[in-house]
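This report is meant for someone meeting the structure for the first time. Please keep the sequence and the 3D view at hand while reading.

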Amino acid sequence: MHVHLREPGREDEETVETGCNAAAAGGFTGVACMPNTNPDIDSAEVVRFIKEKAAKHLVDVYPVAAATLARKGEAISPMLELYEAGAVGFSDDGVAIKSAGILRNVLEYSKMIDAPVIEHCEDESLAGGAMNESFTSTILGLPGIPNVAEDLIVIRDIMMAEFTDGRVHIAHISSKNAVDLVRQAKKKGIKVTAEVAPHHFTLTDDMLKTFDTNYKMNPPLRTRDDVDAMIEGLKDGTIDCIASDHAPHSIEEKEMEFIYAPNGILGLETQIGLAISELVKKKHLTLEQLVEKFAVNPRRILKLPVPKIQVGEHANFTIFDPELIWTVEAAKFKSKSKNAPYDKRLLTGKAVAVINKKKMFVDDKMMEI
Amino acid sequence: MPLSTRHLLGLNGVPREDLQLILDTARTFREVLERPIKKVPTLQGKTIVNLFYEDSTRTRISFELAQKRLSADTINFSTSTSSVKKGETFKDTVRNIEAMKVDMIVVRHKSAGVPQYLTKISRANIINAGDGVHEHPTQGLLDMYSINERIGKLDGLKVCIVGDVAHSRVALSNIYGLKTMGAKVSVCGPSTMIPVGIESLGVKVYHKIEDALRENDVLNVLRIQLERDAGKRIPSVREYHNYFGVTTERIEKYNKDILILHPGPINRGVELSSEAADGPYQVILEQVTNGVAVRMAVLYLLGTMH
């Protein structure tokens, strides 16, 4: 869920192939890729182009298409055609759908195919900072993005989901209040789901004190209170999935003055390890719950079949060792980019092999079976 | 006794001994500046680059003058005359400059954290001449020097920073430096200009200039930077002046013993009335002179370390 494959447009950062390799190495047999490519995934041709690129790979690629043309928030995208070509959801990721008026049309239109509208929740007029707004941003002298920028769009989207009876999925939730808002909305029976990225239940904005641009992402790393709220949300089911928000960036782009460096952090190859280390080993979630958050709930939200392990079914599963202790080595990532601040971090839990489409990825090698 | 660090990135965490050493050394250079021949050979043979990625007149001139008075070779690099406009990355620019064998880099940049980043990609001594709204340590030092020069101490003094504290690079350096030297620091301004959580630094917040005047020994009045969107945080320059402006009338009514500092350039009639800017309570031009001496001290102490 929520992967940036960068192709078409930024093949120097990632391609469908390298992104899929990273997914396989990280333990994933399917990824939903986001539409902020160049061109955007707002036409059936681009959906087909990506599907074709991934056709022979072990990893299934499910494009999330733009909700509006060029993600500009002005005209709704050809959703029926996009869906028919293979899109599984709609999003203007990078930004929230610009206005409630357009969102209304997107939600109502997408109801015909029961596809989720995946929202990057950030109020435009409060956006533009380089990190979370907090005491830490004050002492670092960096412009901040307040939590309320996220909360405002989350509440707007919840109300619009209620009003239209459409399906909203909150992408990379990061703020404590936003988790509360989703919790209340779910209690009211509004069709809202949410995902959290591994860094938002692992890291806090204190990490930015080194000015390491690998800690720069949007939504930004928040405070300890927010991290605790993410874990609580995962525990009580408010947050349905863990999604990598895998956002590759080249070294040249990240090695830049802090305010100019792009937002984004890799996620595919470290998220199982981070989730087992931070959630399972600390007894917040069971391994079964973790599988739900990574593999089952994302497919339910995107209305994809959930693979079963039984006779007569196609083999589609991951073998992971929840006790394996390993050291992250960014240089060895399958991803074309290396922008992860976890280099040399010790993690517990790792995917050993993935099997899908009669292929197996094990020991860094892909093989036919 | 040398400084405990080979860079001056900010005043956060700089120990009292270092600050004292810089201020004492600056006093020696301040005397040099009064001589007919204002030059000493201390940094002869050293090469210093002034790497200015943001417009600055007085800070750059002050550094340049300080370098020349210490007999260093200086080169000025600013974005308008460099390869930056051709799309060269910051890192490549720095590597190129370093390949020309420079000993020290004085850097001014729009982004916070650039001086820290420079220490990772360069072997030169790095001096921060202002990074974003983070720190401007030599300004903090020259403010401390100027206060000490007039009042004779910093320990126990009450200093209030007035203005757009949230968008000032001067404020944090003042807060850190003054607190380390034993002063009590407060800030005053409209609430849109006070940064999140500033109280956690042990800083009192005022919203009334009258209270700030009455309860402090020194006001460090910041420039309202209309060129940096200050206009979005206040309704008008007129309202700012009426409620937060430092005027001779206010000074005479609330605290005739106050000392007024201003980092310049002054917006006359906005944060300071013209009369107050020229009046007997301020040390604004002394700050400029002291700035050269303080920068000489910093360059000398870092440049002669081994």
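This is a predicted model: local features need pLDDT of at least 70, side-chain atom pairs count only at pLDDT 80 or more; totals for chains, interfaces and linings use all residues.

**Strand β1 of chain B**

Six of the six residues of β1(B) are buried, so the strand is largely enclosed by the rest of the structure. B:Thr47, B:Val49 and B:Leu51 point one way from the strand, while B:Ile48, B:Asn50 and B:Phe52 point the other way. The residue B:Thr47 has a relative accessible area of 17%, and because buried means under 20%, it belongs to the buried class. Leaving aside neighbours within four places in sequence, B:Thr47 is in contact with B:Asp73, B:Ile75, B:Lys101, B:Val102, B:Asp103 and B:Met104.

Strand β1(B) pairs in the parallel sense with strand β2 of chain B, residues 73–78, over six bridges. Within this pairing, B:Val49 has B:Ile75 in β2(B) as its bridge partner.

**An open sheet in chain B**

Another group of strands in chain B forms an open sheet of five, in the order β7-β6-β5-β8-β9, with parallel pairing. At its edges lie β7 (204–206) and β9 (259–261) of chain B, each of which pairs on one side only. Neighbouring strands of this sheet are turned against each other by 25° on average, direction ignored. Inside the sheet, five bridges join β5 (residues 158–162) to β6 (residues 184–188) of chain B, and these two strands run parallel. One of the residues concerned is B:Ile161, whose bridge partner in β6(B) is B:Val187.

**Aromatic rings**

Over all chains, the count of aromatic pairs comes to seven. A pair of aromatic rings is described by the distance of the centres and the angle of the planes, and two of the pairs are set out here in that way.

| Pair | Centre to centre | Angle between planes | Arrangement |
|---|---|---|---|
| B:Tyr53 and B:Phe90 | 5.2 Å | 65° | edge-to-face |
| B:Tyr240 and B:Phe244 | 5.4 Å | 25° | stacked |

B:Tyr53 lies in the loop between β1 and α2 (58–69) of chain B, and B:Phe90 lies in helix α3 (residues 90–99) of chain B, so their pair ties together parts that are 37 residues apart in sequence.

B:Tyr240 counts as buried at 1% relative accessibility, and B:Phe244 counts as buried at 11%.

**Helix α7 of chain A**

Turning to chain A, helix α7 has twelve residues (176–187), which should span 16 Å at 1.5 Å a residue; the end C-alpha atoms are 17 Å apart, which agrees. At the start of α7(A), a side-chain oxygen of A:Ser175 reaches to within 3.4 Å of the backbone nitrogen of A:Asn177. After the helix comes A:Gly189, whose phi is positive, near 85°.

Which residues of α7(A) are buried? They are A:Ala178, A:Val179, A:Leu181, A:Val182, A:Arg183 and A:Ala185. The elements that cover these buried residues include α6 (147–164), β7 (168–170), β8 (192–196) and α8 (224–236) of chain A.

Technical notes
Residues are numbered from 1 along each chain as its sequence is written. Chains are lettered from A and ligands numbered from 1 in the order in which they are written. Side-chain values use heavy atoms; hydrogens and water are left out. Two strands pair if DSSP finds at least two bridges between them. Helices (H or I, at least four residues) and strands (E, at least two) are DSSP runs, numbered from the N terminus. Axes are lines fitted to C-alpha atoms, for helices over the stretch in contact, and angles run from 0 to 180 degrees between N-to-C directions. The expected span of a helix is 1.5 Å times one less than its number of residues. Buried means under 20% relative accessible area, exposed over 50%, partly exposed in between (1.4 Å probe, protein chains only). Contact means heavy atoms within 4.5 Å. A polar contact is a pair of N or O atoms within 3.5 Å; within protein, one must be able to donate a hydrogen and the other to accept it, and residues adjacent in sequence count only if both atoms are side-chain atoms. Rings of Phe, Tyr and Trp (its six-membered ring) pair if their centres lie within 6.5 Å; planes under 30 degrees apart count as stacked, over 60 as edge-to-face and the rest as tilted.
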